[in-house]
Amino acid sequence: MLKILLRAQLGAYWARFSGATRSKKRQGAGKAVLFSLLMLYVLGCFGFMMYGIFSQLAAPFAAAGLSWLYFSMYGLMSLTLMVIGSVFTAKAQLYEAKDNDLLLSMPIRPGAILASRMLTLGVVNFVCGLIVSVPAAIAWAARSGQVTTGAQWLNYCLISLFIILLSLSLACLLALLMSLFTSRLRSKAAVDTIVSLVFLLAYFWFCFRMNSMIASLAASGSYLAGKLGGVAPLYWMGLAIAEGNMGCLAATLAICIVPFAAIYAVLAATFLHTATAKRGAAKIKYVQREQKVSSPFSALYRRELARFTSSSGYLINAGLGAIFMVVGAVVLLVKGQALFGSFSQLPGLAKLLTPVLVLGICAIAGMTTISAPSVSIEGKNLWIAQSLPVPAAEILKAKLTLHISILLPAMLCDVAALLIVLRPSGAMLALALVLPPVFVFFTGVLGLTANLRHPNFDWVTETQCVKNSMAVMIALFGSWGALIPPFVLLFAVSELPPWAVLTVFTAAIAAADVLLYRWIATKGARRFSEMK
Amino acid sequence: MLKIDHLTKTYGDKKAVDDLSLHIAPGEIYGFIGHNGAGKTTTIKACCGILPFDGGEITVDGKSVKTDPIGCKAVTAYIPDNPDLYDFMSGIKYLTFIADVFGVSKSDREERVLRYADTFGLTSDLAQPISAYSHGMKQKLAIISAWLHAPKLIVMDEPFVGLDPTASYKLKEMMRAHCDAGGAIFFSTHVLDVAEKLCDKVAIIKEGRLLESGSMEEVKGNASLESVFLELEGDENA
């Protein structure tokens with residue numbers, strides 16, 4: 001029974017990532033292989049990043065006689081990645097699973113359900129752990145200049161495996177806290193969005209500062225040893241591997257096993273209660289107020305806005321470009337002079353600075369793909385839009401208006417920052433003001449056209465609809481692809497004045513805007529009316 | 001009010017609806033009966049302008065669904081078999097959205113929301129997100145949204161599924177009141193007892209073709225609707 005449950009859990013997990021649909025169509029072998037290769041590529045990228053970090057630490061720590069610190073750092077990094085990688089899954093699987101009623105109605109012991117979920121989490125942790133453990137081991141073997149015995153490697157493997165239990169304990173506790181917190185909230189999407197943004201910003205912050213942080217770590221090994229040496233479990237873990245100390249190994253394993261056993265026992269004892277508990281935000285009692293009347297178009301626009309802001313997956317994945325643009329505007333204002341001051345002194349580059357930045361802003365705008373999944377995301381609610389007494393073109397216009405109303409203000413922030421920092425004049429000033437709105441419109445109509453031509457209502461989660469769709473790919477790469485010719489012309493054909501390149505490009509994009517918009521309002525609207 | 005003439009709809013090689021003709025007059029509650037996959041939902045969706053069809057003509061209040069779909073939708077309300085509403089809205093926001101799109105005046109919407117929500121005991125839940133609603137509550141909200149814009153024609157696919165007995169009773173009352181006021185209702189159901197007691201006219205469909213239609217008395221005579229339905233199904237199978 002456990003095997004069947006585990007297979008079902010892992011299958012669902014795989015389906016969530018690989019973009020499997022609700023339809024009975026089997027995923028083709030080719031698609032599965034491609035997705036596996038993509039996963040391997042992503043894991044490989046993270047693995048190389050980890051190797052880069054640990055290879056810089058191995059030699060200085062080994063030379064300073066702080067081998068234990070290297071392995072403590074490894075343990076800490078591995079534990080952090082595993083907890084981050086599994087806490088959301090733990091929340092969904094242990095405390096908010098939607099198939100509890102179904103499974104409990106079957107002749108399955110509750111213990112088997114819990115065990116299958118915990119094993120699934122264990123597999124997730126194991127994969128996250130491999131991203132750190134393999135590169136850290138290779139980096140140590142290659143760069144430390146020390147001979148590591150079989151016993152030491154055995155301890156390394158044992159700790160790498162048992163640390164999964166410690167990670168599971170922490171993930172279960174964190175997930176419980178998150179679940180208790182969010183279950184009483186009315187706006188879960190806002191919390192999910194904030195948490196996702198914090199993780200994303202922390203990731204980018206880490207990536208940007210990684211080299212200096214690692215250099216600082218490598219240089220301050222002794223100081224760090226003094227600090228971490230005081231944290232006994234980390235010290236024991238380091239000693240268990242670095243010196244093959246069996247006492248420290250036993251202590252480390254105990255630290256991994258005991259909390260897990262305790263948490264598992266509590267979860268097992270309370271599983272039925274957890275699985276059948278009725279959660280939900282406190283009921284909001286309706287109080288009759290004077291109702292506001294608005295036009296059909298305004299109602300359609302508000303419907304699009306409500307859908308966009310209620311889904312953290314839609315908001316983060318499709319609206320990322322707009323967020324980056326606002327951040328970019330601030331960076332441009334604060335660091336612009338320092339970044340571009342020296343460039344503007346060079347005669348060859350000075351004239352390219354404004355057009356390149358304008359095109360760069362357009363490239364970031366291309367990351368905003370709000371309109372691209374806006375048709376597919378209607379999903380099982382499509383009947384409502386189709387039964388309304390409004391032309392389909394109006395519904396599509398509302399989708400386009402949402403895209404523009406989110407992206408254009410963010411874009412204008414960047415344009416304003418650019419004008420303040422670079423102070424262009426004449427034709428370039430006019431182009432810096434005209435091209436961005438024209439390009440924003442282009443990203444909107446391109447995404448909407450792509451979705452009308454490639455709709456997919458066969459999705460399981462909104463995030464899947466927003467991320468795994470042909471329309472989003474076309475919108476993203478299409479808008480970036482459109483920027484290649486002007487970039488190439490600016491750099492490759494120096495005889496052409498930049499204002500001329502941008503003028504022609506603006507005219508071409510404006511023409512594309514008109515053509516795509518006309519298609520949406522006519523053929524696209526007909527397609528939308530006939531979708532099923 | 002609703003005129004279906006020689007409606008034909010195919011999916012690939014399969015004829016889902018085959019030369020179907022029905023006429024629903026103002027004041028009539030018209031029941032549509034058939035086994036699963038008989039073509040009821042396809043017909044209903046075609047009547048509401050949601051599903052394009054291959055042959056025939058459908059007119060609502062004298063307007064063609066093909067040439068004037070917006071005009072038809074403006075006087076029609078549709079309730080699907082599964083009330084998949086906007087989970088990201090609250091009940092009252094959904095009703096406001098429908099009222100805005102259908103151009104319901106401020107005073108009318110305030111009065112109707114209160115009246116129908118009270119009828120179904122949903123008033124206190126209107127501020128709740130629809131995602132927190134049960135299936136029955138969603139069905140009630142879909143019904144309220146249908147009545148909210150005072151349509152001339154109401155088309156419903158299995159409207160009683162998920163409703164509690166009180167709500168079913170209230171819906172039947174509302175249906176009768178709507179038709180007494182000159183409106184028309186066309187609905188599909190598997191609950192033959194309800195159809196027998198409620199409908200003025202009934203049509204029985206099988207594999208896309210009309211087996212029988214007419215007033216309840218004409219179709220069932222002295223027998224029960226259930227026995228007539230089973231007999232017709234049996235004859236076709238024989």
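Colleague: In S4(B), which residue is the bridge partner of Thr8(B)?

Modeller: This is a predicted model, in which local features need pLDDT of at least 70, side-chain atom pairs count only at pLDDT 80 or more, and totals for chains, interfaces and linings use all residues. Residues are numbered from 1 along each chain as its sequence is written, while chains are lettered from A and ligands numbered from 1 in the order in which they are written. Strand S1 (residues 2-11) and strand S4 (residues 55-60) of chain B run antiparallel and are joined by five bridges. Within S4(B), the partner of Thr8(B) is Gly55(B).

Colleague: Which residue in the turn of the hairpin of S4(B) and S5(B) has a positive phi?

Modeller: Strands (E, at least two residues) and helices (H or I, at least four) are DSSP runs, numbered from the N terminus. S4(B) pairs with strand S5 (residues 63-64) of chain B in the antiparallel sense over two bridges, and two strands pair if DSSP finds at least two bridges between them. Val60(B) is opposite Lys63(B) of S5(B). Two residues separate the strands of this hairpin, and the one with a positive phi, about 55 degrees, is Asp61(B).

Colleague: Which strands stand at the edges of the sheet?

Modeller: The open sheet of four strands in chain B has the order S2-S1-S4-S5, with antiparallel pairing. Each edge strand has a single partner strand, so one side of each is left without a neighbour in the sheet; these are S2 (14-24) and S5 of chain B.
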